[in-house]
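Please look at the structure first.

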Amino acid sequence: MTTTLITGGTVVNSTGRVLADVLIDGEQIAAILPPGSVLLGTDLSASVDQVIDATGKYVIPGGIDAHTHMEMPFGGTFASDTFETGTTAAAWGGTTTIVDFAVQYAGEDPLTQYEAWHAKAAGKCAIDYGFHQILSDVQPASLQAMDELVAEGVTSFKLFMAYKNVLLSEDGQILTAMQKAADNGALIMMHAENGSWIDTVVQQLVADGKTDPLYHGISRPWQAEEEATHRAIMLADYTKAPLYVVHVSAKQAVAQIAAARDNGQNVFGETCPQYLYLTLEDQLGAPGFEGAKWVCSTPLRSKAEGHQDHMWQALRTNDLQLVSTDHCPFCMNQKQMGLGDFSKIPNGIGSVEHRVDLLYQGVVTGQISLERWVELIAVTPARMFGMYGTKGVLAPGADADVVVYDPNGHTSIGLGKTHHMNMDYSAWEGFEIDGHVDTVLSRGSVVVDGGQFLGRAGHGRFVKRDLSQYLV
Ligand code: DUC
Ligand code: ZN
Ligand code: ZN
């Protein structure tokens, strides 16, 4: 078993920061020690297998991206990152655990699909991974499957209020899934957009010849997000189920979540980096077909309407609790399926590699504290999805998923392939990041160091999750 000592850094947890050394024994953290690496008179740096110098840097728990879609079948194609390429890119960016979505489309058997997702991921992941289960078109068999999946460590279920005949569940179906969750302790994750409303507007726009990528955003107005968020909250209130609203982009949806929380409901909200930085005007509205790069749902919102500032504020005030990526990348030839009809552009943006860096910019600009950054990228996802203690914290006994982050470093997301995601462009091209992921350890193994990838496909293990630690 390899022993590692990370010396001289500032160890940051959500509870505070301290100058300390981190001793790792095999796959776990053995001790957080006063700086100087001396334990009972022994100079540890001389007796461990490797020493990582973190002087002047932050030592933080590895990032947890709780919303990714590797290889997701979508819109007649597949998300372009495999479990291997996507988890490798995640590691490059300081993320050491993902929670991906096993998908059951309408008409499929949930447990068969769950097994199929295991087969896709097994032996491929460079970092640890868990699954949520998507349940479309909830049927009695889905409800039965929910109990079996919770026992398997799949303790959260995503439902859709949009994408009719593909992923959508009707309100009555959502109600039954929520009743089951209220009973077995699972967390219901909701894609909250009014699908029927959107489908009608899409038809109207396409019939009017309004087919450019910009109209994807126009077809999915904030009112359709607010309405669905409210409906989901009412269903959750009635059934007493906990609710986690994914990829919140409208400030009005945040207000619904905040009001529900003020009412005492177990309602939580997640936003994504794209809603913190990118807009309908600047990206979706780019000339020609360029805007297709940023077609995702919920859509990028209008700068003029002030959603973006509100997202940062909500992260600071805890009206929103998490930032995940909704990583769902497509190459340009896949996006081109929607040339001449925006509704056929596969929905998704690739960001799994950049979430830790992008959120750190909130610290640089003073929008969130250093501790809140760590809370958003690692601690809360661990607690929300039943992994805290093993993941999401630097403490004795926790998995040694550790990132050495250099606040004085710099990361350019430049032209061409400066990233490691399986995409032939970047939605983040031109972003200059103050800060740099220097070294990444996954369960005690150095997987990224000094600009080199040292990990391997198959190192990552399936994480059997407990129930959400926000509910007990
Ligand atoms: N939104 C996306 O942008 N892509 C995948 C599914 C989703 O809900
Ligand atoms: Zn979604
Ligand atoms: Zn998603």
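Ideal angles for four tetrahedral donors are 109.5 degrees. Donors here are N, O and S atoms within 2.8 Å of the metal (3.2 Å for Na, K and Ca); water is not among the atoms, so sites may look incomplete.

K158 sits in strand β13 (residues 156-160), and H247 in the loop between β15 (243-245) and α9 (251-262), so the pair ties together parts 89 residues apart in sequence. Helices (H or I, at least four residues) and strands (E, at least two) are DSSP runs, numbered from the N terminus. K158 is buried at 2% relative accessibility, and H247 is buried at 1%. Buried means under 20% relative accessible area (1.4 Å probe, protein chains only).

## Zinc ion (ligand 3)

The zinc ion (ligand 3) is 3.8 Å from the zinc ion (ligand 2). H67 (NE2), H69 (NE2) and D326 (OD) coordinate the zinc ion (ligand 3) at 2.0 to 2.1 Å. Their spacing is H-x1-H-x256-D. H67 lies in strand β8 (residues 63-68) and D326 in the loop between β17 (322-323) and α13 (332-335), 259 residues apart. H67 is buried at 0% relative accessibility; D326 is buried too, at 9%.

## Basis

The model is predicted: local features need pLDDT of at least 70, side-chain atom pairs count only at pLDDT 80 or more, and totals for chains, interfaces and linings use all residues. Residues are numbered from 1 along each chain as its sequence is written, chains are lettered from A and ligands numbered from 1 in the order in which they are written, and side-chain values use heavy atoms, with hydrogens and water left out.

Terms used. Buried < 20%, exposed > 50% of the residue type's maximum accessible area, 1.4 Å probe, protein only.
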